[in-house]
Amino acid sequence: MKASETKATLSFSNGGDNVDLPIYKGTLGPDVIDIRKLYAQTGMFTYDPGFMSTASCQSTITYIDGDKGELLYRGYPIEQLATNCDFLETCHLLLYGDLPDQPKKDEFTKLVTNHTMVNEQMQFFLRGFRRDAHPMAIMTGLVGALSAFYHDSTDINNPKHREIAAIRLIAKMPTLVAMAYKYTIGQPYMYPRNDLSYAGNFLHMMFATPCEEYKVSPVLERALDRIFILHADHEQNASTSTVRLCGSSGTNPFAAIAAGVACLWGPAHGGANEAALNMLYDIQKAGGVEKIGEFIKQVKDKNSNVKLMGFGHRVYKNYDPRAKLMQETCKEVLGELGLENDPLFKLAMALEKIALEDEYFVSRKLYPNVDFYSGIVQRAIGIPVPLFTAVFALARTVGWIAQLNEMIGDPEYKIGRPRQLFEGSVQRDVKPIASR
Ligand code: CMC
């Protein structure tokens, strides 16, 4: 980290001694004030629930400029990656720091495809779930269970082990998501086919059956690959921070990723794609475009607890660049499938237009995020609504593991252990039960 010549000086209105704090400069984005010695120097903690002003780590992987609506993976704009690269090139970039040349790409693709099968025992583990279990409940269990299968790649202090765990996770997530789907609909699992692309193989495992040949549609394959690229990483979001915190204890890497899956499930995070589509269904059922005004009124009513799902972001105070790309993909996919007049897409466009002109959303800088259109694309591809967040988890796995491995390789890494402002009872004595 590069220290700035300028220091931050903390002063106290009661005349206590000033404290000088170092400032570090990143290559992009706000500088940070180093408060690591603050407690030793002042006996005080900082207070920042929700991490509104806290950089939890240093990282070289992903950068977001929320005001400009800019997203860079290792310095490359998301628009260029989504247009010129495929998901496995993006995985290589996130894991190793740069885009592969052709021989490296071939080698990496071979490595990933060699790990796509999961241990046969996994089927029996799956059978323990109810058929109507939510796919994210199943995924949390299955990814956690991987920690019981791959004992040869769990020494987190060994960079080779970290690498092989990363490859296994990237390779096996599509297999697990497809197995979770096939299990819920009672169809036989389809084994991975390593002659297909990463996205093509996922489509095959999801939609093929042993009864007849399944042809992968190149348009749907490309659309899915783009969904994967757009979701691959997003710096220190809730699930990534969960993976880092969980992994900071030195736990098994598969267990740390399972913690990320659990966090992603929530509707404020990855669960928003499912929630956004259900919201569109509800508006459509209530009367469609005509009812948008009434719905927006509810959203603005603080007592209603209704949110416009797929809108708003902690970091983006401008259009989420992923939402723009997703909207493009949405048009392409619907066009290819002859669904240009899809009522749900029309409803989403009308809702977006009205929200973007409404003072409530304008003043709060609330714009569509990636989840606003991703559900419509996934639904058009044939992915059932409850599986949307599992597809997000599949794509985000590379980001989680790249961030986890970066943390473990960082010489400054320590177990994560936040402190608190205690507002509970001061010490008191236990009374005998009869007099409580
Ligand atoms: N609908 C209505 N009002 C909203 C929304 C929304 N979607 N998002 C934020 N607001 C309001 C919020 O009520 C608050 O208003 P006020 O200042 O009057 O109290 C103001 O905007 C600021 O919001 P906040 O809740 O303080 O912002 P946050 O940074 O804590 O939350 C968020 C960010 C993403 C959790 C939130 O915008 C949200 O719940 N959005 C809907 C869920 C969603 O789409 N999540 C996906 C995020 S992108 C993909 C991902 O990261 O997984």
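Guide: In counting charges, Lys and Arg are taken as positive and Asp and Glu as negative, while His and the chain ends are left out, and each charge is placed at NZ of Lys, CZ of Arg, CG of Asp or CD of Glu. The model is predicted, so local features need pLDDT of at least 70 and side-chain atom pairs count only at pLDDT 80 or more, whereas totals for chains, interfaces and linings use all residues. Residues are numbered from 1 along each chain as its sequence is written, and side-chain values use heavy atoms, with hydrogens and water left out.

Visitor: How far apart are the mean positions of the positive and negative charges of the protein?

Guide: The protein has 46 positive and 49 negative charges.

Visitor: Within what arc do the buried residues of α13 fall?

Guide: Buried means under 20% relative accessible area, exposed over 50%, and partly exposed in between (1.4 Å probe, protein chains only). In helix α13, residues 292–300, the buried ones are I292, F295, I296 and V299. They line one face of the helix, because the directions from the helix axis to their C-beta atoms fall within an arc of 100°.

Visitor: Which exposed residues does the other face of α13 carry, turned away from its buried side?

Guide: An α-helix has 3.6 residues a turn, so residues three or four places apart point the same way. The buried side of α13 has a cover that includes α12 (272–286), α15 (343–357) and α16 (359–363). The face turned away from that side carries E294 and K297.

Visitor: Which residues is S374 in contact with, leaving aside its neighbours within four places in sequence?

Guide: S374 lies in helix α17, residues 370–381, and is buried, with a relative accessible area of 0%. Contact means heavy atoms within 4.5 Å, and with those neighbours left aside, the residues that S374 touches in this sense are H231, N273 and M326.

Visitor: Is F51 buried or exposed?

Guide: F51 is found in the loop between α1 (38–42) and β4 (62–65), and its phi is near 50°, a positive value in a residue other than glycine. With a relative accessible area of 54%, F51 counts as exposed.

Definitions and conventions
Helices (H or I, at least four residues) and strands (E, at least two) are DSSP runs, numbered from the N terminus.
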